[in-house]
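This briefing sets out the fold, the aromatic pairs and selected local features of one protein. Please consult the sequence and the structure shown below alongside the text.

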Amino acid sequence: DVCSSDLPPRVGHRGGTGDDRPGAGGREENITRRGDMYPFWHQPETTGCPGPRAAHSCDVVDNKLVVFGGWNGHDTLDDLYEFSMTTNQWYSVPGRGDVPPSRYRHSAVVHGCCMFVFGGVDKRQARFADLCEFSFDTRSWSRVKTYGDPPTARTFHRACMYGGCMYILGGFDGTRRNDMYRIALPEQLPCGCRSSSCKNAS
């Protein structure tokens, strides 16, 4: 029952995509941060659940949910977790390579064998304009060199993949924005030369 009252009200949560894909976390109206998960709206028994958080990213890769970063009420986070939708188990992914600084209110998309993270803000309210790549093959992070006219450092924006491009829309960089940017992302960026072309599509 998608209208079930069993699901506590929340904001700042994230959802995956696809059939029967769960959404995770968020914050209740009374400021309680949630670390629970509901797939349409039955709460599964899980093990190894990450700590409560809000404003994290959550993406689907094969049969896994991938959660990065967020805010736990005291600190911004830079941890990465995977949830297996076949075993109902959470796994902490060790931070290898050039791990992005801790952040929340960022965006993340999956393309090919990689997840790309853009923007966000840290505990000091310093906003980011970096593009970071996590390879599911090598299980490591790297920074992506970009060219052209990049978006300003921002939060609260949204991102999606279409036609091999990552699109960034709106957000807050000190001013509420309604601009759009796109960047072409190969399915796997060349090792040792993390570079892509960037285009302003607004």
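Among contacts between residues at least 6 apart in sequence, 47% join residues at least 24 apart. The model is a predicted one. Its secondary structure amounts to 17 strands and 0 helices, and of the 202 residues, 44% count as buried.

**Open sheet**

- Four strands form an open sheet in the order β8-β9-β10-β11, and their pairing is antiparallel. Strands β8 and β11 are the edges, each pairing on one side only. From one strand to the next, the twist averages 25 degrees.
- Strands of a sheet pair through backbone hydrogen bonds, in either a parallel or an antiparallel sense.
- Strand β8 pairs with strand β9 (residues 114–118) over 5 bridges in the antiparallel sense. Within this pairing, histidine 111 stands opposite cysteine 114 in β9.
- The hairpin of β8 and β9 has 2 residues between the strands, and glycine 112 takes a positive phi near 60 degrees there.
- Strand β8 is mostly covered, with 4 of its 5 residues buried.
- Strand β10 (residues 131–135) pairs with β11 over 4 bridges, again in the antiparallel sense. Phenylalanine 134 stands opposite tryptophan 141 in β11.

**Aromatic pairs and cluster**

- The structure contains 6 aromatic pairs. One of them joins phenylalanine 68 and tryptophan 141 in a tilted arrangement, with 5.0 Å from centre to centre and 50 degrees between the planes.
- Phenylalanine 68 belongs to strand β5 (residues 64–71) and tryptophan 141 to strand β11 (residues 140–143), so this pair ties together parts that are 73 residues apart in sequence. Both phenylalanine 68 and tryptophan 141 are buried.
- Tryptophan 71 and tyrosine 104 form a stacked pair, at 5.5 Å centre to centre and with 25 degrees between the planes. Because tryptophan 71 lies in strand β5 and tyrosine 104 in the loop between β7 (89–93) and β8 (107–111), the pair ties together parts that are 33 residues apart in sequence. Tryptophan 71 and tyrosine 104 are both buried.
- One aromatic cluster is formed by Phe68, Phe134, Phe136 and Trp141.

- Histidine 157 is located in the loop between β12 (145–146) and β13 (158–162). Its relative accessibility is 1%, so histidine 157 counts as buried, the cut-off being under 20%.
- A polar atom of the histidine 157 side chain lies 3.4 Å from the backbone oxygen of phenylalanine 118.
- Leaving aside residues up to four places away in sequence, histidine 157 touches Arg105, His106, Ser107, Phe118, Gly119, Gly120, Ile168, Leu169, Gly170 and Gly171.

**Serine 57 and histidine 106**

- Serine 57 is found in strand β4 (residues 57–61). With a relative accessible area of 4%, serine 57 is buried.
- The side chains of serine 57 and histidine 106 are joined by a polar contact of 3.0 Å. Histidine 106 is also one of the residues that histidine 157 touches.

- Glutamine 125 has a phi near 65 degrees, which is a positive value in a residue other than glycine. Glutamine 125 is placed in the loop between β9 and β10. At 44% relative accessibility, glutamine 125 counts as partly exposed.
- Phenylalanine 156 is not a glycine either, yet has a positive phi of about 60 degrees. Phenylalanine 156 lies in the loop between β12 and β13, and histidine 157 is found in that loop as well.
- Is phenylalanine 156 buried or partly exposed? At 48% relative accessibility, phenylalanine 156 counts as partly exposed, whereas histidine 157 counts as buried at 1%.

Technical notes
Residues are numbered from 1 along each chain as its sequence is written. This is a predicted model: local features need pLDDT of at least 70, side-chain atom pairs count only at pLDDT 80 or more; totals for chains, interfaces and linings use all residues. Side-chain values use heavy atoms; hydrogens and water are left out. Rings of Phe, Tyr and Trp (its six-membered ring) pair if their centres lie within 6.5 Å; planes under 30 degrees apart count as stacked, over 60 as edge-to-face and the rest as tilted. Buried means under 20% relative accessible area, exposed over 50%, partly exposed in between (1.4 Å probe, protein chains only). A polar contact is a pair of N or O atoms within 3.5 Å; within protein, one must be able to donate a hydrogen and the other to accept it, and residues adjacent in sequence count only if both atoms are side-chain atoms. Contact means heavy atoms within 4.5 Å. Two strands pair if DSSP finds at least two bridges between them. Axes are lines fitted to C-alpha atoms, for helices over the stretch in contact, and angles run from 0 to 180 degrees between N-to-C directions.
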